[in-house]
Amino acid sequence: RLVKLEGEGFFRVAKDGEHPFVVECEGMEVECLGTAFNMRSYADEASVSVVLLEGKVAVHANRSTLYMEPDSRVVFDKHTMSLHKQKVRSEDYTCWLKNEIRYNGETLEQIAAELKRNFHVNVIITSDALKQEQYTGYLGRCSLKNILDLISITSNVTYSFEQDTTVYIYARK
């Protein structure tokens, strides 16, 4: 059982020792037997990540293998071709399944890429310094305007729309 992924997907896999379930994406492979995990692989991002909710998986990349336990995350850096494992709260990475938004140290540039994918708008951040500002918080279910309002209220940025298709984010004066 082989799946190739581009984007983000949640997998709940029934145990079948004779037929392992494998997900491939951009130089990384996740092999599992009876498990639930979230995987994220976008062509425009520098890394691929896997978060394990239950069970056990093996992550293979560049002749390296890491074994995961629940509430762990493995990140594959596409440039260095290296794997890194860390302990996480898996619900932080699966809230999207309930259409909820949670940021855990994401940069404004990462958030802008997410807004572009989810709301089909262009997001232009007018300052390189602003792109690196980090945000943490649980937003629940939000519209694009709600998200932008919350970011604007909690930081030194503001935004404007151009014809409902482009959002400009800039430093507040």
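Modeller: Buried residues make up 41% of the 173 residues in the chain. Buried means under 20% relative accessible area, exposed means over 50%, and partly exposed lies in between (1.4 Å probe, protein chains only). This is a predicted model: local features need pLDDT of at least 70, side-chain atom pairs count only at pLDDT 80 or more, and totals for chains, interfaces and linings use all residues. Residues are numbered from 1 along each chain as its sequence is written, and side-chain values use heavy atoms, with hydrogens and water left out.

The chain has four helices and 15 strands. These are DSSP runs numbered from the N terminus: helices are H or I with at least four residues, strands are E with at least two. Along the principal axes, the C-alpha atoms fill a box of roughly 60 × 30 × 30 Å. The chain exposes about 9800 Å², and carbon and sulfur atoms supply 49% of that. Such areas come from the Shrake-Rupley method with a 1.4 Å probe; for residues, only the protein chains shown count as cover.

Next, the largest nonpolar core, which holds 21 residues. A nonpolar core is a set of buried Ala, Val, Leu, Ile, Met, Phe, Trp, Tyr and Cys residues joined through side-chain atoms within 4.5 Å. Phe11, Met28, Val30, Phe37, Met39, Val57 and Val59 touch the most other members. Several strands give two or more residues to this core: S2 (7-13), S3 (21-25), S4 (28-32), S5, S6 (47-54), S7 (57-61) and S9 (72-77). In soluble globular proteins, nonpolar side chains tend to be buried together.

Leaving out residues up to four places away in sequence, Met39 touches Leu5, Gly7, Glu8, Gly9, Phe11, Val23, Cys25, Met28, Val30, Val48, Ser49 and Val50. Contact here means heavy atoms within 4.5 Å.

Arg40 comes next. This residue lies in strand S5 (residues 35-41). Arg40 counts as buried because its relative accessibility is 18%. Its side chain makes a polar contact with the side chain of Glu8, at 3.2 Å. A polar contact is a pair of N or O atoms within 3.5 Å; within protein, one must be able to donate a hydrogen and the other to accept it, and residues adjacent in sequence count only if both atoms are side-chain atoms. Beyond four places in sequence, Arg40 is in contact with Gly7, Glu8, Glu45, Ser47, Val48, Ser49, Glu114 and Arg117.

Strand S9 also gives residues to the core. Five of its six residues are buried, so S9 is largely enclosed by the rest of the structure. S6 and S9 run antiparallel, joined by six bridges. Two strands pair if DSSP finds at least two bridges between them. Leu52 has Ser72 of S9 as its bridge partner. S9 also pairs with strand S10 (residues 82-87), again in the antiparallel sense and over six bridges. There, Arg73 stands opposite Gln86 in S10.

The hairpin of S9 and S10 has four residues between the strands. Met81 lies in that loop. Met81 is not a glycine, yet has a positive phi of about 60°. It is partly exposed, with a relative accessible area of 34%. Arg63 also takes a positive phi, of about 65°, without being a glycine. Arg63 sits in the loop between S7 and strand S8 (64-68). Arg63 is exposed, with a relative accessible area of 87%.

Three strands form an open, mixed sheet in the order S12-S15-S14. The edge strands are S12 (122-125) and S14 (157-162), and each pairs on one side only. From one strand to the next, the twist averages 20°. S14 and strand S15 (residues 166-171) run antiparallel, joined by six bridges. Thr158 has Tyr170 in S15 as its bridge partner.

Two helices meet this sheet. Helix H2 (residues 108-119) lies across S12, S14 and S15, running at about 165° to S12. Helix H4 (residues 144-154) packs on the sheet, touching S14 and S15, and its direction makes about 150° with that of S14. Axes are lines fitted to C-alpha atoms, for helices over the stretch in contact, and angles run from 0 to 180 degrees between N-to-C directions.
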